[in-house]
Amino acid sequence: MFLSRTTQLIRPFSTGTLCRQNALAEAYYEEEQRSMQKTVRKIIDEDINPYIDQWEAEGQYPAKQVFKKFGEAGLLGVNKPVEYGGMGLNFKYSVALNEELGQINAGGVPMSIAVQTDMATPALARFGSDKLKREFLAPSVSGDMVACLGVSEPGGGSDVAAATTSAVRRGDDLIINGQKMWITNAFQADWICLLANTSEGPAHTNKSLICVPMNTPGVHLNKRIDKMGMRCSDTAVIFFDDVRVPAANIIGEAGLGFTYQMLQFQEERMACAALCLAPLDNAVRETANYCRERKAFGQPLLNNQVIHFTLAELQTEIEMLRSALYRATEMYIEGNDVTQLASMIKLKSGKLCRKIPDACLQYWGGMGFTNEVLISRLYRDMRLTAIGGGADEVMLGIIAKTMGIGPQKPKK
């Protein structure tokens with residue numbers, strides 16, 4: 001049962017009509033994707049947005065209930081194999097799903113869902129054994145299990161190669177020791193897709209991705225992290241103390257975990273951009289509506305050229321991001337390596353998620369500094385985009401490397 005309805009602090013806005021600026025999305029998506037988005041929107045309007053304020057206040061939303069709702073609608077595996085409960089559709093459907101999830105009135109819920117669909121399960125779906133897929137992927141697609149991803153550590157987040165968590169082979173098992181940090185869904189997760197060192201040697205070839213049930217002895221949830229934003233998404237530090245799992249729980253080939261994770265990052269970074277589009281649209285639209293109604297010095301705020309010019313420019317930047325995302329999606333579907341373009345999109349997403357909420361909040365004046373309007377929540381939640389899933393500076397490093405202009409090691 002979902003929690004009872006509470007009084008909404010956030011001024012509601014319609015998610016039932018695509019605003020005029022979304023003409024590009026209307027042209028890009030086909031009828032099947034738009035139909036899927038209508039299903040997503042119905043769940044959002046009926047089962048999520050009415051409860052968002054309560055979940056934000058409580059610091060956690062009921063992931064198992066929400067995931068089951070999406071799983072029953074077939075929305076947690078749109079591009080996952082049919083034999084494991086998925087729809088077997090291409091990545092364009094996943095982008096369409098994430099773009100619509102952005103209509104949720106708090107960033108914590110769509111981020112949590114994207115961890116399940118685009119961060120913890122792509123490598124498993126692509127490289128995992130049949131046994132692992134039936135044990136972990138199928139119930140994740142159906143919404144019967146909640147997944148989390150364990151890559152970041154206290155000593156390093158975006159520097160994946162620096163991970164120190166170890167998984168030492170003993171007979172047919174792995175003994176895992178170490179810790180992970182910033183783990184979304186941790187307190188409600190049934191399993192974790194864990195990156196750990198399974199051998200000695202170079203950092204890029206000694207790692208594996210491992211499916212680890214969260215109820216395994218030795219897995220300890222040490223701390224619920226108190227965050228400035230994404231309040232309704234639970235985030236934790238996890239310790240692994242002699243955690244024993246079968247070596248058969250390694251996804252694909254041992255030692256290829258870093259490579260698998262890099263491939264997984266392509267989908268994650270495009271999903272991140274898709275999740276940003278609707279909130280950014282909403283920030284501009286809600287600000288325009290407020291400035292049209294709010295009067296100062298005898299006229300609507302929106303009459304000031306600096307305001308309507310600024311909002312026009314911000315909307316233009318959103319549409320450029322949307323266009324780049326759609327281009328990357330098509331290239332990815334065609335089988336191309338989109339590491340550079342996905343990194344560019346993630347970088348631009350992070351910058352716009354700082355720039356747009358900040359610029360819009362300014363025009364709300366004192367109201368923007370309260371928790372009674374959507375823009376203040378967007379300001380807090382969207383700040384994470386420039387940090388999580390690869391910080392802006394890491395994206396710049398990747399882009400520079402793919403351009404051939406990064407630092408060169410001195411020749412011996």
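Predicted model: local features only at pLDDT ≥ 70, side-chain atom pairs only at ≥ 80, totals over all residues.
Residues are numbered from 1 along each chain as its sequence is written, and side-chain values use heavy atoms, with hydrogens and water left out. Local features need pLDDT of at least 70 and side-chain atom pairs count only at pLDDT 80 or more, while totals for chains, interfaces and linings use all residues.

The mean pLDDT (the predictor's confidence in each residue, from 0 to 100) of the protein chain is 92, with 94% of its residues at 70 or more. Residues 1–21 have pLDDT below 50; beyond near neighbours in sequence, this stretch makes 52 contacts (heavy atoms within 4.5 Å) in the model.

Buried means under 20% relative accessible area, with a 1.4 Å probe and protein chains only. Leaving aside residues up to four places away in sequence, Phe 70 touches Ile 48 and Leu 101, among others.

Strand β1 (residues 147–150) has Ala 147 and Leu 149 pointing one way and Cys 148 and Gly 150 the other, all buried. Helices (H or I, at least four residues) and strands (E, at least two) are DSSP runs, numbered from the N terminus. β1 pairs with β4 (residues 191–197) in the parallel sense over four bridges, where pairing requires at least two DSSP bridges. Ala 147 stands opposite Trp 191 in β4.

With a disulfide defined as two cysteine sulfur atoms within 2.5 Å, the count is zero. The sulfur of Cys 353 lies 3.3 Å from its closest cysteine sulfur, in Cys 276, too far for a bond.

Note on methods. Buried < 20%, exposed > 50% of the residue type's maximum accessible area, 1.4 Å probe, protein only.
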